[in-house]
Amino acid sequence: MALSTHTTPSGFLLPSIHSAPPFFTHQPNQSTHAHLTEQWMRLILTYARHKRLFILRVEDAEVPGGDWDKILRNERINRQIPPSYLSSLMAALVVKNLAVYELAKQTHAVLLHWHLPEEWAGVLHSWATATGQLNTILTFYEISDPPIPSPLSCILIPLLRRAITILSRSNRAQIIGVADGEGVRFFVG
Amino acid sequence: MHRGVGLAAFDKEQLSQRFANLSSELSKTQVDHLQSQLTQFRTALLHFATTHRDSIRSDPAFRHEFQQMCSSIGVDPLAGPRKGGWWAEMLGMGDWQYELGVQIVDVCVSTRERNGGVIEMGELIRIVSKLRGVESGVITEEDVTRSIKTLQPLGAGYEVLDVGGGKKMVRNVVKELDADQAVILAEAQVEGGRIAEAILENRRGWTRERARAALENMLLRDGLCWLDSQDEHYGRAYWVPSAMRWDE
């Protein structure tokens, strides 16, 4: 049996290790575990970026046909990641600042940083500049669901807020209260 | 009473002087002769080196013949100039072999996390060939084995292991593989990397305890195999990454 790469219907290239049955078991040997954790974290983040997924939940391990199905299980070899293993991978991501727990005091879901908040801040500011929206007030909704799809489409509000906070530290953005919630105004950096 | 040195003594001294002259003349001729032979040999060697250098480096069959020839006349083609070997210098054979050694180390180190320090010979050759950008068959098992021998003084534990069934593994950690582990490596080869207690019981007649102890040691202590707790057939199976075929 050869372990080969596999391309999902959405065009994502799964690495050959994904077709190795023991990849789906929590390894008892420390260094093996560290090595495979590394592989899993990379896989989760690249897949999230490919599918623009922001949230990973422990339950995703058990949802057939869900967003994460293609990587959390491999029906070709009949393996799936146990929720407890997924949970430990999420903890490892959080330790490396590649994710944060979505809600404080809860460890069953993480917000993934396939771009770091600092990178999102850059993306956000260049988008506002490129689309000529400096100095105008934009609602969060206008940013996360723009009429023309942008690199920020579907961005989650907590992440957006962190990016704006980073920009406001260098006076490139300002959070403003608007009628139906919050808005932001961007300035030339 | 004083007696001077006699005539006989004078003759004796002259005689021994003449003998000494003769002997030094003889040995000088011998040395000259040897030196001319040596020069001739050097020239022949240089000629051989310049003519066949490229073939030795690029043609595995020719290289094999050359190695055979060297070992039959007791010449080490890798001996450096300090050991009195000009082979290494003239042929660049040493460089070639050491380069290969460096690349072997490179591959072994970069795959160690994955395979725990044991790599299958074919896999090693495949990756090294890829690294050098040469087609398969240009680097042979013999070349790799020879290069690994040159690495021995480093004491890094590089060794070629015969696991039976015509399969060879290269161990690259300072770790002794015991006989049971060698058997496990061989059996895992047959199964594409997978191994389980029951396989060892059935095929090798091991007791369950022996199989478990050997497998758990490989898993926990040595990191030479990975655990799969979702195996359809055995429930708990072990996978030896060095025996798995990775298409990358």
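B:Val170 touches B:Cys108, B:Ile119, B:Met121, B:Leu124, B:Ile148, B:Tyr158 and B:Val160, leaving aside residues up to four places away in sequence. Contact here asks that the C-beta atoms of two residues, placed from the backbone, lie within 7 Å. This is a predicted model, in which local features need pLDDT of at least 70, side-chain atom pairs count only at pLDDT 80 or more, and totals for chains, interfaces and linings use all residues. Residues are numbered from 1 along each chain as its sequence is written, while chains are lettered from A and ligands numbered from 1 in the order in which they are written.

Let us stay with the core. The largest nonpolar core has 64 residues, and those touching the most other members are B:Leu124, B:Val170, B:Leu185, B:Cys225, B:Tyr238, B:Trp239 and B:Val240. A second, separate core of 15 residues includes A:Ala121, A:Leu124, A:Ile155 and A:Leu159. Such a core is a set of buried Ala, Val, Leu, Ile, Met, Phe, Trp, Tyr and Cys residues joined through C-beta atoms within 7 Å. A residue is buried if 20 or more other C-beta atoms lie within 10 Å of its own, exposed if 12 or fewer, and partly exposed in between, with C-beta atoms placed from the backbone.

Helix H5 (residues 121-132) of chain B comes next. Its twelve residues, at 1.5 Å a residue, should span 16 Å, and the end C-alpha atoms are 16 Å apart, which agrees. The expected span is 1.5 Å times one less than the number of residues. Buried in H5(B) are B:Met121, B:Glu123, B:Leu124, B:Ile125, B:Ile127 and B:Val128. After H5(B) comes B:Gly133, with a positive phi near 70°. Helices (H or I, at least four residues) and strands (E, at least two) are DSSP runs, numbered from the N terminus.

Now to the strands, where pairing takes at least two DSSP bridges between two strands.

Three strands of chain B form an open sheet in the order S4-S6-S5, with antiparallel pairing.

How do the two chains meet? In all, 18 residues of chain A are in contact with 19 residues of chain B. On the side of chain A that touches chain B, H1(A) gives the most, with three residues. By class, that side has eight nonpolar, nine polar and one charged residues. Ala, Val, Leu, Ile, Met, Phe, Trp, Tyr, Cys and Pro count as nonpolar, Asp, Glu, Lys and Arg as charged, and the others, Gly among them, as polar.

A:Leu43 is found in helix H1 (residues 30-51) of chain A. Is A:Leu43 buried or partly exposed? A:Leu43 is partly exposed, because 19 other C-beta atoms lie within 10 Å. Beyond residues up to four places away in sequence, A:Leu43 touches A:Pro15, A:His18 and A:Ile71.
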